[in-house]
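Biologist: I'd like to learn how to read helix packing and side-chain pairing in a model like this one. Can you walk me through it?

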Amino acid sequence: ILGSEWVGLQNFQKMFSGLYFWPVFRNTLIISFLKLIVGFPMPIILALLLNEVSCGWFKKSVQTITYLPHFIGWVVLAGIVQQVLSPSTGVLNYVITALGGEPIFFMGSTKWFRPVVVLSSIWRNCGWDSIIYLAALTGVNPELHEVAMVEGASKIRRIWHIDLPCILPTIVTLLIMQCGRLMSVG
């Protein structure tokens, strides 16, 4: 290291002038923003829905099923996605052909690349991220819901006017953290 020649910013110049740098950078930004816009609200919606479920075994089953993909490695998850989306043996293409359509090669299509990446990321992280929102929802004062029910508020009104405002600090904090990971596509 001490006897090395100093090249200055030459490596950065080479990287920025590379043939694939700008298309890859653009694709990374598009995927990151799609994951933020589409993927960020999903755990909130899942947590709000699970919070309304009164059947204990059903709630625990859904939680387990949605948390499970977080513990699977990306390589295994990619294998599962590849099997599900396979044009010859995939479940999704089986349904498409059963409905009279033609099989789609999802993994080899530039048109489907971004949706597959974004949806697989949402599938992997949605259940795990919803744990934080469920924890925040436990802090909502039940008396607020009781008063709203006496006043005749529907479940949707109570979610909109009680639950969401109460967990808004958690939502903002996690949004800031998600924006900090914007360039980390995976």
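Biologist: How do H5 and H7 lie relative to each other: parallel, antiparallel, perpendicular or oblique?

Modeller: Angles under 35 degrees count as roughly parallel, over 145 as roughly antiparallel, 65 to 115 as roughly perpendicular and the rest as oblique. Helix H5 (residues 74-84) and H7 pack at about 120 degrees, with axes 11 Å apart, so the two are oblique to each other. The axes are lines fitted to C-alpha atoms, for helices over the stretch in contact, and the angles run from 0 to 180 degrees between N-to-C directions. The helices themselves are DSSP runs (H or I, at least four residues; strands are E, at least two), numbered from the N terminus. Bear in mind that this is a predicted model, where local features need pLDDT of at least 70 and side-chain atom pairs count only at pLDDT 80 or more, while totals for chains, interfaces and linings use all residues. Residues are numbered from 1 along each chain as its sequence is written, and side-chain values use heavy atoms, with hydrogens and water left out.

Biologist: Which residues make the contact between H5 and H7?

Modeller: Contact means heavy atoms within 4.5 Å. From H5 you get Trp74, Leu77, Ile80 and Val81, and from H7 Val116, Ser120, Ser121, Trp123 and Arg124. By class, that is 6 nonpolar, 2 polar and 1 charged. Here Ala, Val, Leu, Ile, Met, Phe, Trp, Tyr, Cys and Pro count as nonpolar, Asp, Glu, Lys and Arg as charged, and the others, Gly among them, as polar.

Biologist: Is serine 121 buried or exposed?

Modeller: Buried means under 20% relative accessible area, exposed over 50%, and partly exposed in between (1.4 Å probe, protein chains only). Serine 121 has 8%, so it is buried. It sits in helix H7 (residues 110-137) and touches Lys35 and Trp74, leaving out residues up to four places away in sequence. Lysine 35 is 86 residues away along the chain, yet its C-alpha atom is 7.6 Å from that of serine 121.

Biologist: What about H3 and H4: at what angle do they cross?

Modeller: Their axes come within 10 Å and cross at roughly 160 degrees, which makes H3 roughly antiparallel to H4. Leu46, Leu50 and Asn51 of H3 meet Lys59, Val62, Gln63 and Thr66 of H4. Those residues divide into 3 nonpolar, 3 polar and 1 charged.

Biologist: And where does glutamine 63 lie?

Modeller: Glutamine 63 is in helix H4 (residues 56-67), and at 17% relative accessibility it counts as buried. Beyond its neighbours within four places in sequence, glutamine 63 contacts Leu50 and Leu134.

Biologist: Now for charges. How many salt bridges are there?

Modeller: Side chains of opposite charge can pair when their charged atoms come close. A salt bridge here is a side-chain nitrogen of Lys or Arg within 4 Å of a carboxyl oxygen of Asp or Glu. The count comes to 1. Lysine 155 pairs with glutamate 52, with the closest N and O atoms 3.8 Å apart. Lysine 155 is in helix H9 (residues 155-180) and glutamate 52 in helix H3 (residues 41-52), so the pair ties together parts 103 residues apart in sequence. Lysine 155, at 45% relative accessibility, is partly exposed, and glutamate 52, at 25%, is partly exposed too.

Biologist: Which residues of H8 and H9 meet?

Modeller: Leu144, His145, Ala148 and Met149 in H8 meet Arg158, Ile162, Asp163 and Cys166 in H9. That contact has 5 nonpolar, 1 polar and 2 charged residues. Helix H8 (residues 142-150) and H9 pack at about 165 degrees, axes 10 Å apart, and are therefore roughly antiparallel.
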